[in-house]
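This report covers the strand pairing in one protein model. The sequence and structure are shown below.

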Amino acid sequence: MKIGIDASNLRAGGGMTHLVSLLSAAEPSDHGVDSVVIWGSEKTLERIEDRPWLTKRHDAVLEKNALRRAWWQRTRLTELLRESRCDLLFAPGGTVLSSFRPAVTMSQNLLPFEWPELRRYGSSLKTLRLLTLRWSQSRSFRRSTGVIFLTEYAKSAVLAVTGPLDAATAIVPHGVDDRFRSASASQRTGGVRGVPPTFVYVSPFEPYKHQQKVMQAASAVRQRGLDIKMRFVGPAGKSFGDFEARRQEIDPAGTFVEVVKGVPFSDMPSIYNRADIFLFASSCENMPNILLEAMAAGLPIICSRIGPMPEVLGDAGRYFDPESAESIEAAMYEMATSSSMQMEMAQAAHERAKPFTWERCAHETFDFLARVTRKQETTQKFSKLPPETQKTTLSST
């Protein structure tokens, strides 16, 4: 069995991390897969570990703009898959433009499918791009042979837009890099490092991340006499300008609000290790990888109660309404003033993160790809039988 992977539209972010980690941990032969061929840009292929069963292929068009790459997917990719004698196309980027079947894709971006969240961007190019993704990915999911979702919540949200799918589906969560599973997790469960604590929130500055609400809540906690610190880590996005303007009103001297931008992924474990409590206030996630990292790092967590966060974190955290500064404030104050809660939640989060490994993700992904391929082969063989034989086969089953 040979699988072809279309990585033409993967450049960075969670999708890139998923692909690199998936192929690094995969053992395709365990599922009857002899070889894998992957097409991508030079930078994408450079990031992927060389494996004996993996062939990397590059096309100059994949260095061009999105429209040129889409045309390549629609036309040239189908020919390349057939020339390579692939049995299945796997498109982890979420869009399948090739006519090659069977094809399996993934849902990794939920923002296009949650209308209230999408509307936060108003009349903008970002909104247009998200609406385009909503259309193209909905079409891809309906036409694919199989679709992988990251959480049950994400599956329900997507199906509410697409309607029921004819495709086979699977829930395969991402893993978390072992570098986040630091020894400091056990140290935190043995006692609180400092009171009052430093909170950390890792996320891009986007409208659905609610950093301004968090800053307002932190200010309110301080007004109650608790000298906490609030550290925001992440790249500047659409809402960063508004955040900065509000910060000048709330904390002009930089007394308790710190912003850290441009942190390389390799340095992220140290960000978690320098914090006491993790805060996550997003209201739109497919699979909250950042939350997983904080769980693996053994931080006590206060978290948004919206979306798939309760599905991932379970009872290993204290929840709040991310659109209510008062709700966030209550959770911050309760966690900051209870050393027993901090120790209990840190240990619970660390334990709950243990099953989320890239080995598990790779095993379940390739198992699903192999099952879809075999089912398609069986269906095609059955359809070639004479009508009388098909009736006999059906009646015997």
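Phenylalanine 199 stands opposite isoleucine 277 of β11. In this predicted model, strand β8 (residues 198–202) and β11 run parallel and are joined by two bridges. Strand β11 (residues 277–280) also pairs in the parallel sense with strand β12 (residues 301–304), over three bridges. There, isoleucine 301 in β12 is the bridge partner of phenylalanine 278.

A right-handed β-α-β unit is made by β11, helix α12 (residues 289–296) and β12.

Elsewhere, seven strands form an open sheet with parallel pairing, in the order β3-β2-β1-β4-β5-β6-β7. β3 (54–57) and β7 (168–171) are at its edges, where each has a single partner strand, so one side of each lacks a neighbour in the sheet. From one strand to the next, the twist averages 20 degrees. Within this sheet, strand β4 (residues 88–91) pairs with strand β5 (residues 103–106) in the parallel sense over three bridges. Alanine 91 is opposite threonine 105 in β5. Helix α4 (residues 76–83) lies across β1 (2–6), β2 (35–39) and β4, and runs at about 160 degrees to β2.

| Strand pair | Sense | Bridges |
|---|---|---|
| β4 and β5 | parallel | three bridges |
| β8 and β11 | parallel | two bridges |
| β11 and β12 | parallel | three bridges |

Key
Residues are numbered from 1 along each chain as its sequence is written. This is a predicted model: local features need pLDDT of at least 70, side-chain atom pairs count only at pLDDT 80 or more; totals for chains, interfaces and linings use all residues. Side-chain values use heavy atoms; hydrogens and water are left out. Two strands pair if DSSP finds at least two bridges between them. Helices (H or I, at least four residues) and strands (E, at least two) are DSSP runs, numbered from the N terminus. Axes are lines fitted to C-alpha atoms, for helices over the stretch in contact, and angles run from 0 to 180 degrees between N-to-C directions. Contact means heavy atoms within 4.5 Å. A crossover is right-handed if, with the strands pointing away from the viewer, the path from the first strand over the helix to the second runs clockwise.
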